[in-house]
Amino acid sequence: MRGCSRGARAGAAILGSAVLLYALPASAVNWIMLQGTEPATAPAYRPFGFIGIEYQQTDGSRIAAGPFKGQPLMPNQIVPRLEDTSELQISHVRLGLQGRLFAGKLNYRISPLAGDNGISQNGSPNVKFTDLSVTLNLIPHARIRIGQFKQPGSEEGLQPAVLRDYIRPTNLSRQLTNERLFDSDGTLKHDANVFDGPLSGWRDTGIQVFDAFKTGPWEHTYALMAGTGSGLAIYNGSGDGRPDWYLYWSSELIFGGKGASRDGLKLTGWYQDGERELRIGAEQKTETFDRKRYGLGTVFRRGPWRVAGEWVKADGMIFNGTDGGAVPGSAGNQGNVIAGFNVLPDNEADGWYLDGGYRLFDKWELRARYDRLNRGTNKKETERRFETFTLGITYRPTKQVRVLADYEFRQVDAPGLPGAAVPSRILSEVDDVFGAKVWVRF
């Protein structure tokens, strides 16, 4: 799985881009409106749910150098448990209730989540309410949503898990926008610095004003949100108590069709700004740092063809992997260090992805995606470059069932360091990933 050269991967990327494969029709949906409102025909109580079962595998290459040499390499372990290099698991079990009350003046959404994923398996309990919100439709062009829900932000983050086109999100989504909340920067070498709470799941608690309106063939959507910055955790993650601010805008030129089958050209832009408290340095002094994320994206869909891309920039609170590439909590071979998660509070990162595809015979979809993440770009010794090219195929036997198979060609480099340096040798052992998944909706 791991023996693909850079040239071969580049050739595969060019071939994949030329083929321009397909992703699901749901990708062009207006997520802000779909998840925040109910149609006029919706009942007062509408249950929904889905189950995801997945298998993932790597070659299990181990750490090549450093204090953890010979131990499991964290990127080659299967999330969220990080206990094995191949695993079959029930990744998602979601039940929910949503509806429309008081002649449409109020919509609501309630949805807990269980399963082997970064939300349910981190922190207690193992079933977590990810969506608890109401929307008030009282003011023309200014709907008000209150509670815990998806942040207005990246296209990939706004997509529901059951409708994503790939088994695993891009590097930029996993590391830059799907936030992990840490107490420490990871400087102390005898502290695993494991985050106790769940991944944010691209969610926050707060209040949002939003709506969509049309001008000719265009549909425009805006959202302004003030959030706590705590994701799905029970505490406030902001540094000084001020809110996190979220701004969002999208404009879509509609070619035809309705709902999830609508053809169009969608352009999006978004911005997020907040603060986080973090203990840093040898003294673990608590300081406050800015956390900013912003991006631009586009989705084009017409007939069986689709092309999508997004660029994201991150400033502050950059996730920086683990010590020596080891699984958090692992003791070094000499017993004088414990691997832990690390954060770069004052550094920057950026990334982008391009994917597209083609639908075959209604039930089959072929997909290809290239994504790139440049992490810790302020200093050459901290910079890491992640490149992943994914080929995938989807089979949809019924409207309720999807079967996906993906193969990720992965390469991670430390461009500012020589190839013989310990970090470069460790990163050279990052394996490719094979995955298969079944989604069942009900």
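# Reading the surface and the cores

Me: Is I51 buried or exposed, or something in between?

Reply: I51 is partly exposed, because its relative accessible area is 32%, and buried would mean under 20%, exposed over 50%, with partly exposed in between (1.4 Å probe, protein chains only). I51 sits in strand β1. Keep in mind that this is a predicted model, where local features need pLDDT of at least 70, side-chain atom pairs count only at pLDDT 80 or more, and totals for chains, interfaces and linings use all residues. Residues are numbered from 1 along each chain as its sequence is written, and side-chain values use heavy atoms, leaving out hydrogens and water.

Me: Which nonpolar surface patch includes I51?

Reply: A patch gathers residues with over 30% relative accessible area and no salt bridge, and nonpolar side chains (Val, Leu, Ile, Met, Phe, Trp, Tyr) are joined within 5 Å. A salt bridge would be a side-chain nitrogen of Lys or Arg within 4 Å of a carboxyl oxygen of Asp or Glu. Here, I51, I53, L88, I90, V93, L95, V403, V438, V440 and F442 make a patch of about 800 Å², with areas from the Shrake-Rupley method.

Me: Which strand supplies the largest share of that patch?

Reply: Strands are DSSP runs of E, at least two residues, and helices are runs of H or I, at least four, numbered from the N terminus. β2 gives four residues, the largest share. At least two residues each come from β1 (46-57), β2 (86-101) and β18 (433-441).

Me: And inside, how many residues are in the largest nonpolar core?

Reply: The general idea is that in soluble globular proteins, nonpolar side chains tend to be buried together. A nonpolar core is a set of buried Ala, Val, Leu, Ile, Met, Phe, Trp, Tyr and Cys residues joined through side-chain atoms within 4.5 Å. The largest one here has 37 residues, and I32, I63, F68, L176, Y248 and W439 have the most contacts inside it. α2 gives this core three residues, the most of any element.

Me: What does I32 touch, leaving aside its neighbours within four places in sequence?

Reply: Contact means heavy atoms within 4.5 Å. On that basis I32 meets P152, L158, Q208, F210, T221, A223 and Y248. Another core, of 16 residues, lies apart from the largest one and includes L82, L113, F195 and F341.

Me: How many helices and strands are in the chain?

Reply: There are five helices and 18 strands. Of the 442 residues, 55% count as buried.

Definitions and conventions:
Patch = residues over 30% accessible without salt bridge, like charges linked within 9 Å, V, L, I, M, F, W, Y side chains within 5 Å. Areas by Shrake-Rupley, 256 points an atom, 1.4 Å probe, with all protein chains shown as cover.
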